[in-house]
Amino acid sequence: TQYQLGGVSGSWTNYSSAFTVSSNTTVYYRYNDGTNAGSYASKGISNIDKTIPTVSTALNSSSVTTKGFTLNVGVTDAASGLGKIVWYYKLSSATNYTSVEEVYTALNGATAGTKTAITKSKAFNNLTSGTYNTYVVVYDVAGNSVESPKVNVTLETVATASAATAT
């Protein structure tokens, strides 16, 4: 048995063990019964995703208080879909980032993630006052990733008064 990637012209490779197909293509097989009678078969491969996800809405903050904030990011991956987001934050004076991982669909699995544009949010609470450096890394199900630009979030120094109605 022999195989060839992408077409039936050119040289054929003898099949002796498993081989890796690293891009979408058609694999052609030919086999012979030993008396010059043989046949061709083919299999189209179209599920190899090498495209990084897209940050479709820039990382931004909302619900900023004296003790926390919420990060929001819009993501899109039309090929294998959203796999996970790792949220990073640190007080600007700190050396290391803290990370929080949220898995939406198992990476490198048989199940595709959400393939349409979607906004994800993550709340961070009980923080020390100051300015925080934040960013996210978005992964698709195939494991491709993209890092957002860093965004600084400064916690409020005075609690915002909420409106109250006297009865």
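Predicted model: local features only at pLDDT ≥ 70, side-chain atom pairs only at ≥ 80, totals over all residues.

In which sense do E7 and strand E8 pair, and over how many bridges? Select E7 and strand E8 (residues 98-103): the two pair in the antiparallel sense over 6 bridges. Two strands count as paired if DSSP finds at least two bridges between them, while strands (E, at least two residues) and helices (H or I, at least four residues) are DSSP runs, numbered from the N terminus. Now pick Lys-84 and look across to E8, where its bridge partner is Val-103.

Residues are numbered from 1 along each chain as its sequence is written, and side-chain values use heavy atoms, with hydrogens and water left out.

**Stop 1: the whole chain**

Zoom out and colour by secondary structure. The chain has 0 helices and 12 strands. Turn the model around: the C-alpha trace spans about 95 × 40 × 20 Å along its principal axes. The radius of gyration of the chain is 25 Å, whereas a compact globule of 167 residues would have one near 15 Å. (This radius is taken over C-alpha atoms, and the globule rule is 2.2 Å times the number of residues to the power 0.38.) Of the 167 residues, 30% are buried; buried means under 20% relative accessible area, exposed over 50%, and partly exposed in between, with a 1.4 Å probe and protein chains only.

**Stop 2: an open sheet**

Next, select E5, E6 and E9. These 3 strands form an open sheet in the order E5-E6-E9, with antiparallel pairing. Strand E5 (54-62) and strand E9 (118-124) stand at the edges with a single partner strand each, so one side of each has no neighbour in the sheet. On average, neighbouring strands here are turned by 15° against each other, direction ignored. (Axes are lines fitted to C-alpha atoms, for helices over the stretch in contact, and angles run from 0 to 180 degrees between N-to-C directions.)

Keep strand E6 (residues 69-76) highlighted: 7 bridges join E6 to E9, and 6 bridges join E5 to E6. Click on Leu-71. In E9, the bridge partner of Leu-71 is Lys-122, and Ser-61 stands opposite Leu-71 too. Further along, Val-75 has Ile-118 as its bridge partner in E9. How many residues of E6 are buried? Show the surface to explore this: 7 of its 8 residues are buried, leaving E6 mostly covered.

Now trace the hairpin formed by E5 and E6, with 6 residues between them. Stop at Ser-63 in the turn, which has a positive phi of about 50°.

**Stop 3: aromatic rings**

Show the side chains of Phe, Tyr and Trp. Rings of these residues (for Trp, its six-membered ring) pair if their centres lie within 6.5 Å; planes under 30 degrees apart count as stacked, over 60 as edge-to-face and the rest as tilted. By this rule the count is 10 aromatic pairs. Start with Tyr-3 and Phe-19, a stacked pair at 3.8 Å centre to centre with 0° between the planes. Tyr-3 sits in strand E1 (residues 2-5), and Phe-19 in the loop between strand E2 (13-14) and strand E3 (25-32). Tyr-3 counts as buried at 14% relative accessibility, while Phe-19 is partly exposed at 27%.

Then select Tyr-89 and Tyr-132. Their ring centres are 6.5 Å apart and their planes stand at 45°, so this pair is tilted. Tyr-89 lies in strand E7 (residues 82-91) and Tyr-132 in strand E10 (residues 131-140), so the pair ties together parts that are 43 residues apart in sequence. Tyr-89 and Tyr-132 are buried.

**Stop 4: charges over rings**

Finally, select Lys-90 and Tyr-97. The charged end of Lys-90 sits over the ring of Tyr-97, 5.4 Å from its centre. (That wording applies if NZ of Lys or CZ of Arg is within 6 Å of the ring centre and within 35 degrees of the ring normal.) Then move to Lys-150, whose charged end sits over the ring of Tyr-135, 4.4 Å from its centre.
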